[in-house]
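User: I would like to learn how to read the strands, the core and the charged pairs of a fold. Could we work through one case together?

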Amino acid sequence: MDALNALLPGTAPGNLGIVLTEHGHDFLRGTMPVDERTRQPFGLLHGGSSVLLAETLASLGGWLCLPADSGQQLAGLEINANHIRAVTAGLVTGTARPVHVGRATQVWEIRIEDARGRLACLARMTGAVIRA
């Protein structure tokens, strides 16, 4: 996890306080604070912040599925998100899981939950495997 988190400083995910917390053979998990960096003007978690967390987890999770030292990465082609529950404070936790891992494309589902484990956002990202 340290090596993955070392990629984040100076990037959009790093600026929003995203921290990658856990990964396994079929998931990547991370947290993001709900604070002045991630809320919209009315005090709610900004939908764009949720999408940034979702795409970060899916893109890095997809990259972990690629052969090491292949020079490939996963770049988002399409992402959609359903914002289900408002969050005003605390941490949200996103978990990305692959739906399809192919040679040219991948599809990931990302669930973002509030601190009480309630679903706040459900997203899906399709990514293209590209040469870096």
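Predicted model: local features only at pLDDT ≥ 70, side-chain atom pairs only at ≥ 80, totals over all residues.

User: In what order do the strands of the open sheet lie?

Analyst: The sheet is open and is formed by 6 strands in the order β1-β2-β4-β5-β6-β3, with antiparallel pairing. The edges are taken by β1 and by β3 (72-83), each of which has a single partner strand, so one side of each is left without a neighbour in the sheet. Direction ignored, neighbouring strands are turned against each other by 25° on average.

User: Which strands does α3 lie across?

Analyst: The helix α3 lies across β1, β2, β3, β4, β5 and β6, and relative to β3 it runs at about 145°.

User: Which residues have the most contacts inside the largest nonpolar core?

Analyst: That core has 27 residues, and those with the most contacts inside it are Leu 20, Met 32, Leu 53, Leu 57, Val 92, Ile 110 and Ile 112. At least two residues of this core come from each of β2 (27-34), α3 (47-65), β4 (90-101), β5 (105-113) and β6 (119-131). Taking Val 92 as an example, and leaving aside residues up to four places away in sequence, its contacts include Met 32, Leu 53 and Ile 112, and also Glu 113 and Asp 114.

User: How many salt bridges does a search of the whole structure find, and which parts does the pair of Asp 26 and Arg 97 tie together?

Analyst: The search finds 5 salt bridges. In one of them the side chains of Asp 26 and Arg 97 meet at 3.4 Å, N to O; Asp 26 lies in the loop between β1 (19-24) and β2, whereas Arg 97 lies in strand β4, so the pair ties together parts that are 71 residues apart in sequence. Asp 26 is partly exposed, with a relative accessible area of 30%, and Arg 97 is partly exposed at 35%.

User: Is Asp 114 buried or exposed, and what does its side chain meet in a salt bridge?

Analyst: Asp 114 is buried, with a relative accessible area of 7%, and its side chain meets that of Arg 118 in a salt bridge at 2.8 Å, N to O. Arg 118 is partly exposed, at 30%.

Key:
Residues numbered from 1 in each chain as written. Heavy atoms only, no water. Core = buried A, V, L, I, M, F, W, Y, C linked by side-chain atoms within 4.5 Å. Buried < 20%, exposed > 50% of the residue type's maximum accessible area, 1.4 Å probe, protein only. Helix = DSSP H or I, 4+ residues; strand = E, 2+ residues; numbered from the N terminus. Contact = heavy atoms within 4.5 Å. Salt bridge = Lys/Arg side-chain N within 4 Å of Asp/Glu carboxyl O. Pairing = 2+ DSSP bridges. Axes fitted to C-alpha atoms, helices over the stretch in contact; angles between N-to-C directions.
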